[in-house]
Amino acid sequence: MIRNKNTFIYLHPSIWFTIIVSLLTGMLTEVLIIFTIVIWHELGHIIAAKSFNWNIRRVTLWIFGGVMETEEHGNKPAFEQFLITIAGPLQHVFIYWMLLQFNTALQLSESLLLFAIKYNQFILLFNLIPIWPLDGGKLFNLLLNKIYPYKKAYERTLIFSFAMLSIFLVIVTIYYDAFLNASVLFTFLILENRLEWKRRFYVFQRFLLSRMSKMKQSRKVVPLILSSQTSLSDVFLHFRANCYHPILIKERCRMTNESTCLKHYFEQGNYQDRLNDVVRN
C-alpha cells in the first residue's frame, strides 16, 4: 500500500501473483505493458476527480483495472460524476495514439505493439461492461439515478451487476482458452459485488449524512407529498441523487424539508419518529 497525503494506493494481491507468474513464464514485459495501461486509465479518473476537488480515499489497482473510492457518496453533480467516470476510458484513445508515436520513434517489435494495442482495447471494452464497480457499472448507476431514488437505483445496479456476472461466467466456460485470466476477473468482481451488497445499508447512510451539508440551491428541487404517519426511514427511501426535497404532509397541510428531517433523525437521534413528530411543534 502506498500513501499520498490522504489518498491510499492499494496494490491488489492479483498483481503480485501475476508478476510472479510472469517471471516464471518470461512474460514480464507483457505484464508491465498491461499494468502501465491500467495505471494510465486510473490517472484519468484521479486527475478529473482532483480537478473538481473531490476527496479521494483510496485507489485499488489490480491487473486488469482499478477502483477509485471517494468520500462524495453520490451527492456530487451528475455531470461531474459522468465526466470523472468517462475520464478513464477516454485515456485509451490517448494510449492508442501514444503507441503509434512510440512505434514510429522507437520501432517497437510488431508482436509487442500488437499486444499493447490488443490489451488497450480489451481493458477499454472490459471497463465499459455494466458491472459494478467498473466504469460501465457506474455509468449504469448514473442512468438509474435519473429514474429511481438513490437507494433503489443502487440496489438495482448491484442486482443487474450480479446478472451480468452470471452471463460472464457462462461465456467463460464456453471460451475456455481464457479461463484462467477470466476466472481471476470473475472472482475479484463477485467478491466486490458481494461486499457492496453487504454494506449497501452503510452506503445509504453515508449518502444521507452527506446530504445534511448540501445547499438546496445546488440541486434540483423535487417536492415529496407524504402521509404524516410516514416514518423518517421511509421518507429517506424517496430521496433522489442531486435533488432537494421539500416535503408536503398531506393530512396536516404542513411543509417541512429534507434538511429538517435529516437533522431530526441523526442529530437528535429520533430514529423511530414519523413526519408527524417532525412538525409537532
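**Close-up views of salt bridges and a nonpolar patch**

With a relative accessibility of 16%, Glu 69 counts as buried in this predicted model.

**View 1. The salt bridge between Glu 69 and Arg 58.** Glu 69 pairs with Arg 58 in a salt bridge whose closest N and O atoms are 3.6 Å apart. The pair links distant parts of the chain, since Glu 69 belongs to strand β4 (residues 65-70) and Arg 58 to strand β3 (residues 56-62), 11 residues apart. Whereas Glu 69 is buried at 16%, Arg 58 is partly exposed, with a relative accessible area of 25%.

**View 2. The salt bridge between Glu 155 and Arg 200.** The closest N and O atoms of the salt bridge formed by Glu 155 and Arg 200 lie 3.5 Å apart. Here too distant parts of the chain are linked, with Glu 155 in helix α6 (residues 150-174) and Arg 200 in helix α8 (residues 200-211), 45 residues apart. Arg 200 is partly exposed, its relative accessible area being 26%.

**View 3. The salt bridge between Arg 199 and Glu 196.** Arg 199 and Glu 196 form a salt bridge with their closest N and O atoms 2.3 Å apart. Glu 196 is buried, with a relative accessible area of 6%, while Arg 199 is partly exposed at 27%.

**View 4. The nonpolar surface patch.** Ile 39, Trp 40, Leu 43, Ile 47, Phe 94 and Trp 97 make a nonpolar surface patch of about 570 Å². Helices α2 (28-51) and α3 (78-106) are the elements that give two or more residues to the patch, and α2 gives the most, with 4 residues. Trp 40, which lies in helix α2, counts as partly exposed because its relative accessibility is 35%.

Definitions and conventions:
Residues numbered from 1 in each chain as written. Predicted model: local features only at pLDDT ≥ 70, side-chain atom pairs only at ≥ 80, totals over all residues. Heavy atoms only, no water. Patch = residues over 30% accessible without salt bridge, like charges linked within 9 Å, V, L, I, M, F, W, Y side chains within 5 Å. Areas by Shrake-Rupley, 256 points an atom, 1.4 Å probe, with all protein chains shown as cover. Salt bridge = Lys/Arg side-chain N within 4 Å of Asp/Glu carboxyl O. Buried < 20%, exposed > 50% of the residue type's maximum accessible area, 1.4 Å probe, protein only.
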